[in-house]
Every structure is written in C-alpha cells, then in structure tokens.
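The sequence and the structure are shown first, and the description follows.

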Amino acid sequence: CMGKKVVRERKILEVHITKGMKDGQKITFSGEGDQDPEIEPGDIVIVLDEKEHPVYKRNGSDLAIEMNIKLVEALCGFEKLITTLDNRTLIVQSFIGDIIKPRDVKCIMNEGMPLLRDPFSKGKLIVQFNVEFPEKGDIPSATLQQIESLLPPREPIEKKPEMEEVMLSDYDASASAHQAYADDSDDEHGPGGPGVQCRTQ
C-alpha cells in the first residue's frame with residue numbers, strides 16, 4: 001500500500017439490465033466506489049444510454065414504426081410482415097373496407113416494450129402509414145376513367161365570369177431555396193453584383 005493505507009484493486013461489476021428499463025435510468029452499486037480509511041466508500045452509478053434503432057422508435061412503453069403501403073393496399077387491404085425486436089414475425093392484416101389514409105395511425109396491442117415491473121405485459125406497437133401513390137403516366141387514361149366511375153363523385157363548383165383558371169405545376173423546393181438566396185444576394189449587392197459599381201459618363 002506504500003504507506004497510503006489503500007490498495008489499488010481491479011474489480012469487475014456485472015450489470016443486469018431488466019426488461020423495460022429506460023434511457024437515462026440509473027443502476028447503483030453501493031459502496032463500490034473509491035475507498036479511503038478516512039471516509040466511507042462511495043457508490044458507482046451506471047446510467048443507461050439507449051441506442052437508437054433504425055426501424056423502431058421508443059415512446060415510454062410503446063414502440064412506433066412507419067409502414068409504406070401502395071394505394072391499392074390502402075383501398076383494398078393488405079398483409080405485411082413485421083420483424084419484432086425479439087426476432088418474431090408478425091403478419092399485419094388490413095381487410096377490404098378498412099381504408100387507410102396517408103399518415104393514418106393504427107396500433108397493435110401488447111407488441112411494444114415490456115413493462116418494467118410487469119415484464120409479461122407490454123405496451124403498444126404504433127404503426128404510422130405512408131401511402132405510395134402511382135407516378136404520373138403509370139395508369140392509362142381509360143383505366144383512370146374506370147376508377148373514377150367506382151369512386152364517390154367529385155364535388156362540383158359554380159364557375160363565375162370574374163373567376164380565373166390556373167394550372168398546377170411541379171414544385172422544386174431546393175430550386176426555390178436557391179432562387180431565394182440569389183434574390184437576397186441581389187438585394188444586398190445591387191443588380192451589378194458584389195464589387196461592381198456603375199460608371200458615369
């Protein structure tokens with residue numbers, strides 16, 4: 001001990017993670033910290049740092065995922081496979097008539113995280129849907145007319161002479177941001193650009 005009344009010692013502590021423990025939760029080993037003859041030994045505190053999952057997001061005892069489905073699946077039902085965190089495979093079913101709209105949220109009971117003090121019970125698995133629509137030109141015009149005949153009719157509008165008809169165009173957010181930056185730059189430096197002065201005759 002070199003006269004210091006203490007001996008340096010390496011010790012391995014085994015940490016048990018209980019099902020359902022959360023990010024930031026602490027595990028304390030009492031009296032396992034540094035020791036000194038003059039003071040009581042301290043504690044070692046382990047703070048859990050929950051690693052993010054590429055598919056599942058945790059919200060308390062619930063888990064959340066996003067699911068992409070095609071328009072035909074949103075209207076006519078589907079069967080999708082989900083692999084759980086404990087490597088089970090779930091068959092998620094939606095039947096004809098259960099129409100799913102974009103950003104709809106459904107849940108599967110008892111497929112979330114285990115409850116901390118009741119590991120045999122679980123939270124919910126929350127599923128948010130993204131509906132993938134066909135691209136322009138994927139469906140022939142004749143087929144679209146057939147589809148329209150099967151859907152509820154459009155809501156008519158009353159046109160008046162003073163009204164103006166306009167057309168929708170595709171929007172490019174990145175190009176608009178670039179143009180806004182260019183406009184701001186022109187406002188700052190003038191139409192001649194930075195470092196350019198008008199020459200007088």
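The structure is a predicted model. Asparagine 110 belongs to the loop that joins strand 7 to strand 8 (114-115). Its phi is positive, near 60 degrees, although the residue is not glycine. Most residues other than glycine have a negative phi.

Arginine 103 also has a positive phi, of about 70 degrees, and is likewise not a glycine. Arginine 103 sits in the loop between strand 6 (89-94) and strand 7 (105-108). With a relative accessible area of 44%, arginine 103 is partly exposed.

The loop between strand 6 and strand 7 also holds aspartate 104. Aspartate 104 counts as buried, because its relative accessibility is 17% and the limit for that class is under 20%. The C-alpha atoms of aspartate 104 and glutamine 128 are 5.8 Å apart in space, while 24 residues separate the two in sequence.

## Overall architecture

The protein chain contains three helices and 10 strands. Read from the N terminus, the order of elements is β-β-β-β-α-β-β-β-β-β-β-α-α. The chain has 201 residues, of which 17% count as buried.

## Salt bridges

Side chains of opposite charge can pair when their charged atoms come close. How many salt bridges does a search of the whole structure find? The search gives 10.

One of them joins lysine 70 and glutamate 132, with the closest N and O atoms 3.8 Å apart. Lysine 70 is in strand 4 (residues 62-70) and glutamate 132 is in strand 10 (residues 125-132), so this pair ties together parts that lie 62 residues apart in sequence. Both partners are partly exposed: lysine 70 has a relative accessible area of 48%, and glutamate 132 has a relative accessibility of 37%.

Another salt bridge pairs glutamate 73 with lysine 80, where the closest N and O atoms are 3.5 Å apart. Here glutamate 73 is buried, at a relative accessible area of 16%, whereas lysine 80 is partly exposed, at 22%.

Glutamate 111 and arginine 88 form a salt bridge with an N to O distance of 2.6 Å. Glutamate 111 is in the loop between strand 7 and strand 8, and arginine 88 is in the loop between strand 5 (78-83) and strand 6, so the pair ties together parts that are 23 residues apart in sequence. Glutamate 111 is buried, with a relative accessible area of 17%, and arginine 88 is partly exposed, with a relative accessible area of 31%.

Which element gives the largest share of the lining? That share, four residues, comes from helix 1. By class, the lining has 10 nonpolar residues, five charged residues and one polar residue.

Leucine 144 is located in helix 2 (residues 141-150). Its relative accessible area of 42% makes leucine 144 partly exposed.

How values were computed: Residues numbered from 1 in each chain as written. Predicted model: local features only at pLDDT ≥ 70, side-chain atom pairs only at ≥ 80, totals over all residues. Heavy atoms only, no water. Helix = DSSP H or I, 4+ residues; strand = E, 2+ residues; numbered from the N terminus. Buried < 20%, exposed > 50% of the residue type's maximum accessible area, 1.4 Å probe, protein only. Nonpolar A, V, L, I, M, F, W, Y, C, P; charged D, E, K, R; others polar. Salt bridge = Lys/Arg side-chain N within 4 Å of Asp/Glu carboxyl O.
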